[in-house]
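Q: Hi! Could you walk me through this model? I'd like to start with how helices cross.

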Amino acid sequence: MILLQGNKLERNFGGDVLFENISFSISDTSKIALVGKNGAGKSTLLKIIAGVESPNRGEISKIKNLSMSYLAQDSNFSSDKTIYEEMLTSFSQVIGMEKELRRMELQMSDLLGSELEALMSRYDSLTEEFRAKNGFSYDSEIKSVLNGFKFPEDMWEMKITSLSGGQKTRLALAKMLVEYPDLLILDEPTNHLDIDTLSWLENYLKNYRGALLIVSHDRYFLDKVVNETFELSRGELTRYAGNYSKYVELRAEKLARELKEFEKQQKEIANLEDFVNRNIARASTTKRAQSRRKQLEKMSVLDKPVSQDKAVNFAFIPEKESGNVVLKVEDAAIGYDGDIMSEPVNFEERKYDSIAIVGENGVGKTTLIRSIIGQVPFVKGQASLGANVMLGYYDQEQKDLTKSNTVLEELWNENRLVPEADIRTRLGSFLFTGNDVEKTVGMLSGGEKARLLLAKLSMKNDNFLVLDEPTNHLDIDSREVLESALVDFDGTLLFVSHDRYFINKLASKVLELTAEGSKLYLGDYDYYLEKKAEEAALKEIYDQENAPVKSQLLEEDDYKLQKEAQRYRRKLERDIASCEEKMAANDSESEAINQSMLVEKDHLILIDLQASLDKLALEQEDLLEAWTDLMEKLDELG
């Protein structure tokens with residue numbers, strides 16, 4: 001069923017058109033990612049859909065009584081209530097019904113005969129309504145969502161006014177989830193969330209029975225949650241079926257197809273023009289030449305396809321090779337003023353390794369990096385660099401920038417022997433062109449500062465890059481360019497990132513940091529998750545059998561058990577993938593039928609179309625039930 005439609009929307013600011021002639025529809029099964037470069041108008045379009053802003057032209061139409069919630073990037077959530085009291089306000093109607101049921105129960109002992117029968121009838125009717133509105137489980141739903149967003153029970157009585165900005169945004173999202181609107185509109189919901197909370201939110205939204213419209217730079221999150229992708233680029237909106245990775249694939253295919261059609265037409269135009277030029281003056285062929293000229297005049301000339309808007313373009317090129325051993329961290333404890341965050345930390349990094357550091361917020365990932373580069377002393381232990389290692393550091397706090405410098409000065413002051421023209425060329429590859437280079441650093445946005453830091457790093461030609469959250473503030477296109485540059489980097493990487501897609505692209509190893517120390521996993525992020533799930537499953541099996549097993553025995557003596565767990569996991573994952581494929585196919589077929597019904601006039605055909613739609617809905621319910629059961633079994637493995 002179509003919940004909402006946009007028809008020929010246009011939004012402009014002053015004389016600049018942000019987008020125009022945009023049309024789309026959102027159905028009750030839609031889980032949509034809205035993607036595009038920073039400044040393309042994504043947040044503005046969300047606000048128009050949510051009714052916060054109005055378009056200059058066009059209209060939004062929606063079904064009657066559509067419930068809709070909107071989470072803005074800069075959500076200024078405020079309340080004088082406690083966390084738990086605020087969550088309860090989402091169920092004020094249900095709580096009122098609950099009180100009425102209790103009052104009716106007390107009345108029952110005082111009534112007889114027809115009065116009691118009438119009261120019992122009203123009680124039964126209200127109980128069913130109470131059940132339909134989630135009355136019997138709203139309290140457990142609140143507690144589950146609060147725990148999922150890292151609000152433990154000892155925080156529930158805290159006043160919202162005492163929370164940080166990030167905590168308030170998380171609470172605003174938690175409140176929306178328990179309200180379960182028909183359409184949930186989320187602008188960067190993954191900000192302020194650690195990886196554990198992100199994983200919880202992904203699972204929650206995958207099972208969400210309403211429609212979703214999401215803007216996010218977290219491509220891993222989008223891959224897990226969405227089944228459609230809307231691309232907003234150059235003022236136009238294009239729909240692609242599938243998650244983010246599928247969108248990237250389909251967009252590349254579309255561009256290749258359009259380029260081929262363009263080149264074919266250009267060849268045809270050249271041939272026609274050549275024929276006209278050669279034959280227009282000759283009496284015997286002038287009619288045919290005039291015919292070709294008319295053909296040219298009537299032809300709708302295709303524009304040359306553009307792969308993307310202007311994007312960052314750069315590379316990291318080491319000046320020389322390092323030795324085989326790049327870094328050793330031995331028996332280290334990290335922390336501040338004797339307060340230990342993680343111990344013991346031991347690992348070795350060799351030439352061409354790419355190690356991602358992961359762990360919960362507050363465990364000391366950034367502290368470890370700062371200790372390695374010498375900014376913060378180790379509480380215990382040490383780190384040593386190998387032969388010929390040239391270390392370059394990217395600081396997520398952007399402290400290595402001077403606010404009073406211009407963009408040009410920021411690069412040129414540290415590279416005085418490089419000609420100004422070369423400095424300007426390098427800045428141009430990071431999208432600083434024309435008068436941009438005369439801006440002071442203090443005037444730049446977070447994304448511009450991130451690009452400037454990367455420009456400085458690219459000038460140093462180091463062979464060992466240590467990066468602390470390098471994708472913060474970057475839009476998706478810039479992240480992908482950074483990934484490509486680092487994939488091609490002929491050196492060694494050590495980095496911290498919350499961007500799991502970025503980790504998967506780059507990491508050859510994952511270093512997990514916990515309060516109990518470090519553990520190295522030899523693979524990318526998905527491999528790390530797989531190994532963690534196996535470890536959790538094996539631990540559960542042995543805990544149930546009351547057989548304490550050391551991790552060394554798990555690795556060396558329980559090979560068959562590990563293989564069995566792997567086989568079972570793979571079967572579950574295959575069955576889940578099969579369900580998801582069938583559900584996606586049903587969604588696409590339902591969408592096609594819905595579109596047909598919008599234009600169909602014949603009532604007999606409409607009846608048949610509705611019957612097909614009903615059948616698909618029943619199939620979708622069965623598939624969703626099977627999928628939920630499989631997901632629960634997979635969750636039991638960890």
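A: Happy to. A crossing is called left-handed if the near helix is turned anticlockwise from the far one by less than a right angle, and right-handed if clockwise. Keep in mind that this is a predicted model.

Q: Good. What hand does the crossing of H5 and H6 have?
A: The crossing of H5 and H6 is right-handed. H5 covers residues 138-148 and H6 covers residues 165-179; they pack at an angle of about 145°, and their axes are 10 Å apart.

Q: Which residues make the contact?
A: From H5 they are Glu141, Ile142, Val145 and Leu146, and from H6 they are Leu171, Ala174 and Val178. By class, that contact has six nonpolar residues, one charged residue and no polar ones.

Q: Switching to sheets: what is the strand order in the open sheet of six strands?
A: The order is E14-E15-E16-E12-E17-E18, with mixed pairing. E14 (391-394) and E18 (517-521) are the edge strands, each pairing on one side only. From one strand to the next, the twist averages 15°.

Q: How do E12 and E16 pair, and over how many bridges?
A: Strand E12 (residues 354-358) and strand E16 (residues 492-496) pair in the parallel sense over four bridges. Ala356 stands opposite Phe495 in E16.

Q: What does H14 touch on the sheet?
A: H14 packs on the sheet and touches E14 and strand E15 (464-468); the direction of H14 makes about 175° with that of E14.

Q: Last topic, the second largest pocket. How much space lies in it?
A: About 1000 Å³. The second largest pocket is lined by 48 residues, and Asn191, His217, Asn472, His473 and Arg479 lie nearest its centre.

Q: Which elements give two or more residues to that lining?
A: Helices H1 (42-50), H11 (365-372), H14 (446-460) and H15 (476-487) do. H14 gives the largest share, four residues.

Q: And what's the lining like by class?
A: The lining of the second largest pocket has 24 polar, 15 charged and nine nonpolar residues.

Conventions: Residues are numbered from 1 along each chain as its sequence is written. This is a predicted model: local features need pLDDT of at least 70, side-chain atom pairs count only at pLDDT 80 or more; totals for chains, interfaces and linings use all residues. Side-chain values use heavy atoms; hydrogens and water are left out. Axes are lines fitted to C-alpha atoms, for helices over the stretch in contact, and angles run from 0 to 180 degrees between N-to-C directions. Contact means heavy atoms within 4.5 Å. Ala, Val, Leu, Ile, Met, Phe, Trp, Tyr, Cys and Pro count as nonpolar, Asp, Glu, Lys and Arg as charged, and the others, Gly among them, as polar. On a 1 Å grid over the protein atoms alone, a cavity is a set of points where a 1.4 Å probe fits but cannot get out, and a pocket is an open set with protein on both sides within 12 Å along at least five of seven lines; lining residues have an atom within 4 Å of a point. Grid points are joined across faces, edges and corners, and a volume is the space filled by probe spheres set on the points. Two strands pair if DSSP finds at least two bridges between them.
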